[in-house]
Structure formats: structure tokens, C-alpha cells
Amino acid sequence: MRKRLKINNLQAFLQELQKQATLIAPVKTDAGEREFRPVEQVADIVLEGSNPLRSPKEYLFPQMETLYTFHLQKDGKATLKETLHNEPQIILGIRPCDLHAIAYVKEFYSTTHQDVYVLEKWKHTILIGWACQNPLNTCFCTSVGNSPVDSKGADIMMAKTDSFYLVEVLTVKGKDLIEKIPSLLEDSPEADNEVLPSIQKQTESMIREKVDLLSIKGRIDSAYSSSIWKSYSDVCIACGACTFNCPTCTCFDSADLLETCQDGCRYRTWDTCQNYAFTLHASGHNPRATREARLRQRVMHKYQYSVEQLGLFSCTGCGRCTRSCPVNIDMVSIIKDIKEVVDHGEE
Amino acid sequence: MEKNKKIPSSTNNPYLPFFASIREVGQQTSTVKHFLVDLPKENYPEKFIPGQFYQLSIPGVGEAPISVSDYDPINHTLLFCIAKTGVVTSQIHTLQKGDYLGLRGPFGNGFPMDTFRGKNIVLVAGGIGLVPLRSVVEDYFRNQDQYGELEILFGARNSQEIIYREEMKQWRLKKKTTCKITIDKPEKGWDGNVGFVCNLVDKSYCDCSEVLFHHTSPDQTNTVILVVGPPVMFQSILNNLSTIHFPDDLVYVSLENHMKCGIGKCGHCNCGGKYVCQDGPIFSWKELKTLEKEY
């Protein structure tokens, strides 16, 4: 189902969305940055402009999350209370790179032992995508097989044209939402078929570079022993910013917190494979003791290991790792080196 | 996001521990204790495979992955043998009979015991590595008629660090079973084997490789070798085995990567395309060759 929304009906549309559930969208912060946050006033929402530095991943997989609370009894046994969250939420303004990322995170947490915390949130979340017209010079979504208008993972996809917004409804969840707010939307004529392809063409022409990683998908491990890793890890300071801003990084640490002598919780927090202690064995042995091994782990996981596990790159080309790196390690440069090594071997 | 009124609950949440009471505590060495726990009826494992592990926890302290030494399918008890190494294991060491332990599991793949039927089993353990292998020993004795001979080769740093001392005396008395212990360096009053359980530096110093030869000849396909110990120890054994061209699909190793969740989600134990907690911790030597050496 495809609809049109008049430009001057946008505010009313957003207000309707806000009535249905907690609305999360890019809003301008006091610091002048844009961030995905629960919206207080729809006037604060800024849909256009570059993608926020932090992805909306945290609304499904929060930076810190309580898994359960416990109350200790005298005998040392504890009563547990699961803390699942099922508040309905709508996330609006998600670029295709981040839609892909959420689809990956959901897929990752669905395999074998299901992660009920992420999946329960996902069940109660409606994802509204936003066709990207403002790529940054760090963006490389086309290198990993994505496109600036791909709606994979979205319940509803929106795109801005000069005279209207295109609203494409893709799932039952999306349809249920739109049916609650019918009056604002108009039918979309056949000619609107051209909207997304034209945005795609326009945006892709603005993307700095395309490295064809699809042609070497599944063979990237042949670069494992290459010397390229060291040339990057020599400058890496292992701060982990790339992992914390990555929309597909799923690793976490968990720990217990005692609030009183008897009451506390087990929580988890994002963790980073760039940290020395991430793989440190109890015995003191560390299989990834060097920055080189850890930097390679992050890159190989994105382009090789997740392909082995789920058949998917776990990099969506959003470029946040490059954007947030304090020593200017450029992911596009890394994947160019990888492709060179995989295609032609090391010099 | 704390404002939700209704907190749903899931009956299938792999992160929630259950509590089991401790039936018995015993001191194995100065730093190793064993804990026998009674499983509540609703938490009997559907199936337990030797080599699997549980996540043990104390609320307010934390959680640690611990190999199972034995699951008794009649009394529904689990036996753990725990070295005091970190915060959680130190706290577990303070627990006594009647106290409760938090448990999640069993996790991991375990040894493919079905494929060992009819074969001789050689267990090679370094130090605390004997703990997961004991679950194989117990399974062997419960179903001895289905297997060939059992050979246990155990190396400890010194005579003070020998675990399951009493049990090994009993195992030696059983039919079709041999049990050899070696300690790293000579000691006053020790008249047993001396040297690493597999000695790379001086093979002639290592009786174990001779024993392996003894077992693997003439028919190598009739013996499986299970190795558990630190990476430096099992690498030496694998190197030795490669010199005699032992089949790599009949050798199994248990990896012990750092892990938090036990269910392939937290990422700590990721090694190449595998999660050690879920795809392992047991890997055949053949599989191990395809993995990046990050264990």
C-alpha cells in the first residue's frame, strides 16, 4: 500500500503518530546535534539532514539494561523478577543503513536461544524508514550491497519529494498503524513508482566511493594473515568508539548490582571487542592480546564471520566507525585494502 | 523507558537462573572445591551430554561458566569442581551445605558420545581440565559395555594439585581402565611419573606419548582421544599426534574462552565464525584446524 502525505500535513501526521505510542525520532539537542530521542514536541523533530551519530539501535538493545531484579532471602536463595519492556514505540526517520542494522540485530538475537529482551521490544516497535538524501563523505552503503532507499526491515517507508511525502506501507504492523490515521493520507498515483529510484540515483551519485565487497563475500577470511591489519592497528588507540557507535554491534557484558543488602539486579551493558579484557581468560591467557588481533576481529566479524553465521554482512555502510574514530581510521580504506588482498594477494 | 506499567514475563528466558541447593561440599586441593547440588524437579535437564557446562551465579556477585563433572540421572544431582580464581568462584568457595547456587544451563554441545561407542577412549587432562572429562568417565562407567577400554592420562603441576585423588584410586580398580598421573617436576616422596602430560621439549621424558602409541597401534580408527587443558598443553599434544598421523576427526578438545552469556549472544567467546559457548566448547581437531587461532 502506497500513500501520499502533503508537506503541510506532516506536523499533524507526526502528532497522530505520537498519540499511538512513544515516538522516537531525530530531534535537535541543546548541543545542536541530532539524536534519536523520545519526542516531547513534534516540532523538535528534524527528519532531513545527515544521519545522527548514534543509531536507533539503543531502543531495541539499550546501552544498559536490567535483565532481572532479585531479592535475597535469608537462605541465600533469591526471588527473581524479570524486567521485560513491552511499551509500544514508533521509531521514525530511520535511514536504510540503520533499517538493515536493526534487521541484522533482530536476526542475530533470534537464533537458537532467543534473546527475549530484544525480541519483546522489537515486537512492540514500529519502524518507519526514511529514504536517504544526505549521505556523508563517510558513507559507503552501496559497497556492502545496500542502497539509500532500501526499505528492508521497515514497517513503513517514507521519502520526501518537493511537493509531498511518499508513505509506503510494507507490513501488517505498518498497515494497522496507518489505518488508525486515515484522513491525512491521499492515494498515490502510478507516477510515484519513480520517486524512490530517482532518489536512489541522486543519492548514490553523492556517495564518495563504492568498493565491490559482494564479489568477495564469503572469501574475506583469506585476508586474515595479511599485513594490512597492523598498518591500521598501529594508530588505533582501542577506545572502542567504533563499536559503541556501530548500529550492528551486539556484544555485551553483564554484571550484578546490589542496591541494598538484599535487593539488586543483573544488568547488561554494551561491551567492545577492542578492549584487552574482552577475551582475557581466567587463567591470564588472552587469545586476542594485541590491538592488531582485536582490530582484525572487528572487521572480520562484520564482513566474514557474520556471513558464515547468518549469511549477512554485519556492516551496513553507515560509516559511523569512521565518523567517530579519533585517529581517523577509515573503514572504506580498510575494505579497499581487503578487496585488493583477496583479489590479488599481498604484494 | 522505565514508565511501563505492565511488566510481562517470559517462561522461556535463557538469562534467568534457577536455584539449586548444595548437598555436599568437599575440598579437593587448597584452591579447588567440589560442590554437589540437588536440581529442582522442574529444572532437570532434558538431556545432559558430558562436556557441557552451566553458568553458576550468586546474586549480587556475578556469574561464571563451570564445566559439569557429573550429572547423576537417578538422583538428579550435578557435580561441579571449582578452582578459586576470580570474584565469583571465590564467593562460591564460601558456600556450604544447604546454601543455594544460581544455575543456568546446560549449555554447549558436549562430546559426541554416540560416536564413541565401541571405541577405546583416551582422556588427556591438564590440571583442572580433568573436571569436564570426569563427566565422560562417569558416562563410560554407566555404559561400560558399550565402549572399549578407558585410559586416563592426567598431569598436575605438583602432587598437591591432584584433584579427584580418591576417585582415581577407585577408577584404577575397575576393569578395562587404566589411569596414569604425572606431575611437572620431581618431588620428595613422589615415585610416580614426572614431566608434562605431553612433553614437547623432550619426548622421551613423556610416557604419555608412548601410551598413546600403544593405544593407537595397530588400529588408529578404534580410539578417540579427548584433550582438555590450557591451549599450550593441547597444542603440544596435537603436534605430537600429527607426527604419528593420528586421524584428526578422532581427537576432541574443549576450549575455554572468556564467556558471559553462554548462549552465543554476548560475543566474548567468538572465535572465527563460531561461538565457543554454543558451537563448542567441544571441537574436533579437524574443526579446530578451520578456526582462527583465537582461543
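In chain B, B:Arg117 and B:Asp114 form a salt bridge, with the closest N and O atoms 3.3 Å apart; the term denotes a side-chain nitrogen of Lys or Arg within 4 Å of a carboxyl oxygen of Asp or Glu. B:Arg117 is partly exposed at 33% relative accessible area, whereas B:Asp114, at 56%, is exposed. Here buried means under 20% relative accessible area, exposed over 50%, and partly exposed in between, using a 1.4 Å probe and protein chains only.

In chain A, salt bridges with shared partners join A:Glu65, A:Asp115, A:Lys121 and A:Arg268 into one network.

This is a predicted model, in which local features need pLDDT of at least 70 and side-chain atom pairs count only at pLDDT 80 or more, while totals for chains, interfaces and linings use all residues. Residues are numbered from 1 along each chain as its sequence is written, chains are lettered from A and ligands numbered from 1 in the order in which they are written, and side-chain values use heavy atoms, leaving out hydrogens and water.

Next, A:Asp330 pairs with A:Arg208 at 3.3 Å, N to O. These two residues lie 122 residues apart and link distant parts of the chain. A:Asp330 is buried at 19%; A:Arg208 is partly exposed at 43%.

Finally, A:Glu179 forms a salt bridge with A:Lys175, at 3.2 Å between the closest N and O atoms. Both partners are partly exposed, A:Glu179 at 47% and A:Lys175 at 41%.

Over all chains, the structure holds 29 salt bridges.

Methods. Helices (H or I, at least four residues) and strands (E, at least two) are DSSP runs, numbered from the N terminus.
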